[in-house]
Amino acid sequence: MIGDVRGKGLEAVGASATLLGAFRELACKEPSSTKVAEQLDERARRHIAALDGTPEGGEPGGTGTCALFTERFATALLVEFPPGEAVARIVHCGHPEPYVVHAGEVRPYEPDRPGAPLGLGDLLAVPPVAQTVPFVPGDRLVLYTDGFIEARDRRGRFHDLAAPVQSHAGRSLEAMVAALRRDLLHHGHGDLGDDAALVVLERLP
């Protein structure tokens, strides 16, 4: 799982801890990654309701379906590697699409049916869907948060992550990640307006 909680400060830290703890619990017992995503969304809504002082499933002091719009949510990608299968199953929860590196070529893996961010599932009514992407030995999967693509240079241009991923795809994992970090800091002249996380996974023979 890679995710990004909207906001900053202690509330964001608390939400991150809640979702990470829930993921570790759910990933061990739920039968599928879509079930994990559904339960994460429910946990996120409970957390939001507690912060807003709203009883679960209702408006303050009331009952029924929650109609309150909240700016509290988290985006996430869940990635599952089924044993014995050369694929990755990906559940998109409002998160930037990952990049797949295959035979030296880089392409974004855009979902056919993107899911809602965690915490907004009841408002958007978009169920999570797992989609399968080939992931054979030698392939790499690049996961990141929006801090890697929304960083701007002094002319206001966004960072184009696809280009450096292509440039550094032939390096070792450690060297590739280090180079992508350097490129991001160089683009933003060392001044990033948002936190940024990146994970690169490779299937070994």
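Start by selecting Leu19: setting aside neighbours within four places in sequence, Leu19 is in contact (heavy atoms within 4.5 Å) with Val5, Leu40, Ala44, Ala74 and Leu118. Bear in mind that this is a predicted model, where local features need pLDDT of at least 70, side-chain atom pairs count only at pLDDT 80 or more, and totals for chains, interfaces and linings use all residues. Residues are numbered from 1 along each chain as its sequence is written, and side-chain values use heavy atoms, with hydrogens and water left out.

Buried here means under 20% relative accessible area, exposed means over 50%, and partly exposed is in between (1.4 Å probe, protein chains only). This core has 16 residues, and Val5, Leu19, Leu40, Leu78, Cys93 and Leu118 touch the most other members. H1, helix H2 (33-52), S2 and S3 each supply at least two of its residues, with H1 giving the most, 5 residues. Helices (H or I, at least four residues) and strands (E, at least two) are DSSP runs, numbered from the N terminus. Apart from this core lies another, of 15 residues; pick Tyr99, Val142, Tyr144 and Phe148 among them.

Next, colour the strands. Four of them form an open antiparallel sheet in the order S1-S2-S3-S6, where strands pair if DSSP finds at least two bridges between them. S1 (2-5) and S6 (130-134) stand at the edges with a single partner strand each, so one side of each has no neighbour in the sheet. Zoom in on S3 (residues 87-93), which pairs with S6 over 5 bridges; Val87 has Pro134 as its bridge partner in S6.

Which helix lies across S1 and S2 (74-80)? That's H1 (residues 9-29), running at about 150° to S1; axes are lines fitted to C-alpha atoms, for helices over the stretch in contact, and angles run from 0 to 180 degrees between N-to-C directions.

Last stop: charges. There are 10 salt bridges in the structure, each a side-chain nitrogen of Lys or Arg within 4 Å of a carboxyl oxygen of Asp or Glu. Select Arg43 and Glu25, which meet at 3.4 Å, N to O; Arg43 sits in helix H2 and Glu25 in helix H1, 18 residues apart. Then try Glu42 and Arg46, at 2.6 Å, N to O.

Key:
Core = buried A, V, L, I, M, F, W, Y, C linked by side-chain atoms within 4.5 Å.
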